[in-house]
Each structure stands twice: as C-alpha cells, then as structure tokens.
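Dear colleague,

Please find below the structure that I am handing over to you, together with its sequence. My findings follow directly after it.

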Amino acid sequence: MTAITSPTTTSGTLPGTAAHEAASSPDRTPTARHYLMCRPTYFDVVYEINPWMDLGVPVDGARAVRQWERLKAAYEAHGHRVEVIDPVPGLPDMVYAANGGVVAGGRSLAARFTYPERQPEGAAYEAWFAAAGALGFASLGQATEQNEGEGDLLLAGDVMLAGTGFRTSRAAHAEVADLLGVEVLTLELVDPRYYHLDTALAVLDTGTTPATIAYLPEAFSPASQAVLAERYPDAILATPEDAAVLGLNVVSDGRHVFLTDRATGLHDQLRRRGFDPVGVDLSELLKGGGSVKCCTLELRPAATTTTQEAHA
Ligand code: ARG
C-alpha cells in the first residue's frame, strides 16, 4: 500500500458515527510514518514493576501475538512502514518497543532502563539502532542517564515533552536536549498508574502550532498542569475513565489515531477535533501496563525539504 487513506470502516467502536462529521475542525493531514515494533513472542507478566502488572492474572501469549499482529497490520494498511526487532527470550517486556529509545532527526539514542529486569533491553535496542545505518539512522549509542525512551520522551513538533517522576530522570532530559539538540519541556508525573508520559499524554498532530495534544491533567503535578495549560490551551483533556484503559497511549499519523477500542469517550473527542480514531484491542498487552504507543517506537528520519510541505 502506498497511499495514506482515511478509512471510515476501521474506526469501529461506535457504529453509526460518521468519522468525518467534524466539519468545523482543522483539516488533519496524515503523513507516512516509520515504526519499530517487537513481536510479543516471550511476553508474560513474571514481575511487577507498575500497578497494572499482577502476577495472579494469567497472560494468553498466543492472543497477545494475534492482537499485536493486528496492530502492525493496521499501521501497514494506513501506509506506514514497520520494522521489527527480534524478541529476546527472558525479556518479556521487550514488546514495549517505545521504551527502547528515542529517534529524532535521523539519530537514535538507546534507553537505559530503571529496573534490572528490563536493563538488558537497552543493549538489544542499541544493537538494532547500530545496525540501522542502512535505513538512514545514525546511532548515538546508549543513554548514560536513566531514560526509558519514548515512554517518557514524546516529540511534539520542535519540543520534546519529557516525563519524570517514576522512570526517566531529569538528568536524562538534559542529556537528550544536549545530544538531540531539541528543546525539552520537563513534565512531572504524580500517579503511579501513569508512570510513563505516554500513558498520560498523547501527541496527535504536529502540523499545528503548537502541536495538538491530549492529556489527563491529574496525572501531572500542579506546576506541570499549569505549564501544559499555558503551552497547549487547545489540548483535548481526557477523562479519568479513558485514561484508566490507557486510552492516551496512542499513535497518531496526524489524522488517524490508533488507540484502544475501550476508550470510547476519547474516540468521540478525537472525532470532534477532526481525527479518525482507529480502535484496536490490546487487552493482553494491557496486563503488562501498556497499549498501542508502548508497542511502537517512531523512527523519525533526518529532516527533508518536502515532508513538512503540507503545513508550511
Ligand atoms: N511492563 C512495562 C514496564 O513497566 C510496561 C512498559 C510500557 N511502555 C510504555 N511505553 N509506557 O516497564
């Protein structure tokens, strides 16, 4: 598939609701993206490092793989390119590829994980990035500071929104600003259920100024809530109900927003703002504390003169 399409058939959690009814919202222009994913071959819950993980709740591994395959197929059906990294036995959380690092401007920085259980993933992702030169990505190696990649580092146009409080450290934010040469806006997370920034905040459209985002205010400290309200006055404010099914853990191409089919209120909010929600079922991956975005690392190429044309 070469073209980006705007299907109305895949946005399926609210039958009968037209995907294009938001006539007054801005035109949302999808752009072709490049993603890295990791098949959940060895996915399981064998330790508890966030409140979602419960050793008493069994994981259906085969079902996890089927759900993951449908997510990958949904990206490809919308014209996006997906790379895969080989899963490593004994690293059950490696499916959450967003945590593997951050890639911006054609340069990659591999993660340095907080918990010993996940630390070997840093080297696995670093090795993949090092071999990705052929795809046009230059590796900056592994972060020296505690850094969980796109779990906490969400590029919103030319500013990197950076979460801290549970995983990625403030020192890591400074390291990212330095190595990737981007402005970093530190945001403090305060609710252990929303331990990574990508569980509490979604970047939806970087073609607007400022970027269009959605977030759950109460997941942030009062000071960070004030910063968000000031910088993003038009943001979508998610409900606690939608956040509690990890509805904010989305991937957006600027128009199509891939997210759990359980976040029905957020689907409506997105439609009203001109987005096309694409609902997916990732109920098995939710048992590890992750959803769509957690399973997806965006590989952002070096800037070219043509990609931003639509919004110039
Ligand atoms: N079990 C994983 C952890 O606690 C889940 C990671 C989810 N990833 C994310 N990008 N939020 O580290």
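The largest cavity holds about 60 Å³ of space. Please bear in mind throughout that this is a predicted model.

The largest cavity and the ligand

The lining of the largest cavity is made up of 14 residues, and those nearest its centre are N50, Y96, R118, Y195 and G288. Sorted by class, this lining has five nonpolar, six polar and three charged residues. What sits in the largest cavity? It is the ligand that sits there.

Around the ligand there are 17 residues, with N50, R118, H196, D198 and C294 being the closest. The shell that they belong to comprises six nonpolar, seven polar and four charged residues.

In R118, a side-chain N or O atom is 2.7 Å from an oxygen atom of the ligand. In N50, a polar side-chain atom lies 2.8 Å from a ligand oxygen atom. How much of the ligand's accessible area does the protein cover? On its own the ligand has 350 Å² of accessible area, and the protein covers 100% of it.

The other spaces

How many cavities of 30 Å³ or more does a search of the whole structure find? The search finds three. The second largest cavity has about 50 Å³ of space. Among the residues that line the second largest cavity are V245, T260, D261, R262 and D281, and others in its lining include L282, S283, L286, G290 and S291. By class, three residues of this lining are nonpolar, four are polar and three are charged.

There are pockets to consider as well. The second largest pocket contains about 190 Å³ of space. Its lining consists of 14 residues, and D158, T208, T209, P210 and A211 are the ones nearest its centre. This lining divides into five nonpolar, six polar and three charged residues.

Two features of the backbone

Most peptide bonds are trans, and most residues other than glycine have a negative phi. Two places in the model should be read with that in mind. The peptide bond from T209 to P210 is cis, with omega near -5°. P210 belongs to the loop between β9 (201-205) and β10 (212-215), and both T209 and P210 are among the residues nearest the centre of the second largest pocket.

The other place is L246, which is not a glycine and yet has a positive phi of about 55°. L246 is found in the loop between α5 (240-243) and β12 (251-252).

Yours sincerely

Note on methods:
Residues numbered from 1 in each chain as written. Predicted model: local features only at pLDDT ≥ 70, side-chain atom pairs only at ≥ 80, totals over all residues. Heavy atoms only, no water. Near = heavy atom within 4 Å. Polar contact = N/O pair within 3.5 Å; in protein donor to acceptor, adjacent residues only side chain to side chain. Areas by Shrake-Rupley, 256 points an atom, 1.4 Å probe, with all protein chains shown as cover. 1 Å grid on protein atoms, 1.4 Å probe; cavity = no way out; pocket = protein on both sides within 12 Å on 5 of 7 lines; lining within 4 Å. Sits in = over half its atoms within 2 Å of the grid points. Nonpolar A, V, L, I, M, F, W, Y, C, P; charged D, E, K, R; others polar. Points joined across faces, edges and corners; volume = space filled by probe spheres on them. Helix = DSSP H or I, 4+ residues; strand = E, 2+ residues; numbered from the N terminus.
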